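User: Hi! Could you walk me through this model, one question at a time?

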Amino acid sequence: MKRSKRVFDKSKVNIFPFFVLIVVVVICYVCYIQFFKVPKFSLNSEDKISTAGFSAKLDSEDVSIESIEIFLIVNNDKKFLIYSKNKFDNSKSTHDLDVGFNENSEFIKYIKKAKDSELTLTYNVQYKNKFFNSELNDSYLISVDFEPPEISNIVTDGYVYLGGVGYIRLQSSLDVKKLYLDNGNGDLFYPISNKKNDVIEHLIFFTCSNRPCNQNKVKIYAEDFAKNSTVVYKKIRTIKNKKWPKYLIKIDRENFTDKYNEILNSNIQIINKNDFLRINKVERALNESKIKKLTTDISLKKYFKGQFNQLANSKVSSYFNEERSYYFSDSKDEIIDIQLHWGYDLSSTQNADVFPVNSGIVVHVDNSLGIYGSVVIIDHGLGFYSLYSHLDNIYVKKDEIVNKNTLIGLTGTTGMAFGDHLHLGIYLQGVPVDPVEFWDRKYLNLKIDEPYKIFSSKSSKVNN
Ligand SMILES: [Zn+2]
């Protein structure tokens with residue numbers, strides 16, 4: 001009895017400091033949540049905005065944003081509400097705010113008249129942390145940047161072959177945040193850039209794909225941090241040195257039914273028109289948009305070197321941009337689908353060895369990329385990619401560094417292939433180009449190697 005009483009006394013003495021400690025910890029935690037877990041607002045262009053608008057960022061780690069209002073105050077006098085938002089996806093911890101100005105807005109009219117006025121940006125953020133509703137207010141001085149970025153010294157040979165690659169070298173002022181080339185056919189191409197003294201050197205590889213460049217010109221767009229923009233057009237002639245083949249293809253119902261069931265993991269008896277469109281049109285479009293995503297990023301390093309190789313001892317069985325019109329044998333008059341072929345089909349012996357066309361890094365390995373079947377995609381750097389499709393075996397892994405002697409797989413009939421062959425695609429920033437230029441040393445030199453050599457020798461002077 002005596003012993004147990006002593007134990008009880010001891011615990012009674014010790015409980016108070018623990019209690020105090022817990023209270024202190026809780027108070028500290030609440031203070032921490034209240035005073036340290038606050039959102040952070042920042043302009044992407046430091047202290048400048050343009051007459052086109054500006055972009056800003058709201059970091060909101062561990063808090064949820066309820067609303068934000070941004071005001072601009074001119075000369076401590078006139079206040080304009082220029083942005084307000086009260087719906088946020090709070091599963092994200094950063095929010096990009098894009099504030100665009102309408103040319104006819106009150107603020108722009110006012111600021112254009114009073115150019116040298118003092119401008120204050122002020123904002124109010126309503127947010128919630130773990131326990132409380134809070135608000136954040138701040139303001140600081142900013143200026144309006146009326147100057148668009150400069151583009152100069154544009155160099156190009158001024159032409160592309162149909163389906164081929166072209167280049168443009170140019171310089172821009174240092175304030176450029178975004179620069180791209182628009183081929184007018186719906187594709188944008190981004191540059192490889194290097195800072196050199198007080199300018200940025202850019203090299204853009206582009207293609208107008210299977211069409212002439214829209215109105216024989218391309219558009220170069222540059223935007224600075226304050227969102228001012230400059231547009232320059234450059235004349236690019238398209239040389240139509242080839243005629244794209246056109247074929248009528250009779251749909252063999254049995255073969256297509258087998259492929260339908262294999263690719264879509266289905267079990268239909270015999271393919272009808274809608275089934276055919278489901279695989280040849282819908283599935284194809286899904287596969288092609290996936291390939292586009294996988295071949296869009298630009299690796300700034302050039303991995304390829306010298307000649308691009310063709311599949312050894314192979315014959316061309318289909319050309320780039322071949323137009324294929326499909327019909328059922330019982331109704332030849334009705335063309336039910338037309339598709340373009342974004343690569344070369346190369347036939348050799350059955351299960352022939354497939355090697356990369358050039359050095360690079362494997363960025364994608366897929367055993368079932370729809371109608372493309374088993375696929376390997378290799379990044380050659382500078383925005384160029386090659387794709388190997390209908391493979392039987394694949395011997396490489398993602399992120400593997402490969403050269404022209406690395407066995408990557410065997411030709412086969414996976415996906416929508418009816419005879420053993422390799423489908424080879426070459427892509428530039430997600431857009432398919434004709435592989436034929438890559439097999440021609442002269443054009444490869446003219447269009448890619450030489451412009452890159454000049455660009456990198458100019459840029460490397462920066463480091464000396
Ligand atoms: Zn093919």
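User: What share of the 464 residues of the protein chain counts as buried?

Analyst: Happy to start there. This is a predicted model: local features need pLDDT of at least 70, side-chain atom pairs count only at pLDDT 80 or more, and totals for chains, interfaces and linings use all residues. Residues are numbered from 1 along each chain as its sequence is written. A residue is buried if 20 or more other C-beta atoms lie within 10 Å of its own, exposed if 12 or fewer and partly exposed in between, with C-beta atoms placed from the backbone; for the 464 residues of the protein chain, the buried share is 32%.

User: Into which domains is the protein chain divided?

Analyst: The bounds come from an automatic or database domain assignment. The C-alpha centres of domain 1 and domain 2 lie 33 Å apart. The protein chain is divided into domain 1 (40–145), domain 2 (151–241 + 451–463) and domain 3 (246–433).

User: Which elements give two or more residues to the side of domain 1 that touches domain 2?

Analyst: Two residues are in contact if their C-beta atoms, placed from the backbone, lie within 7 Å. The contact takes ten residues from domain 1 and six residues from domain 2. On the side of domain 1, the elements giving two or more residues are β2 (48–50) and β3 (53–59).

User: How many bridges join β11 and β15?

Analyst: Let's go through the pairs. Three bridges join β9 to β11 (residues 165–173), while β14 and β15 (residues 199–207) pair over five bridges. Gly166 stands opposite Phe206 in β15. For β11 and β15, which pair in the antiparallel sense, the count is nine bridges.

User: Against which elements do the buried residues of α3 pack?

Analyst: In helix α3 (residues 253–263), Phe256, Thr257, Lys259, Tyr260 and Ile263 are buried. They cover an arc of only 165° around the axis (the arc of the directions from the helix axis to the C-beta atoms), which puts them on the same side of α3. Glu254 and Asn255 are exposed on the other side. The buried residues pack against β19 (246–251) and α4 (273–294).

User: Which residues does Leu422 touch, not counting those up to four places away in sequence?

Analyst: Leu422 is found in strand β30 (residues 422–428). Leu422 is buried, with 25 other C-beta atoms within 10 Å. Leaving out residues up to four places away in sequence, Leu422 touches Leu311, Leu346, Val354, Tyr388, His390 and Thr411.

Methods: Two strands pair if DSSP finds at least two bridges between them. Helices (H or I, at least four residues) and strands (E, at least two) are DSSP runs, numbered from the N terminus.
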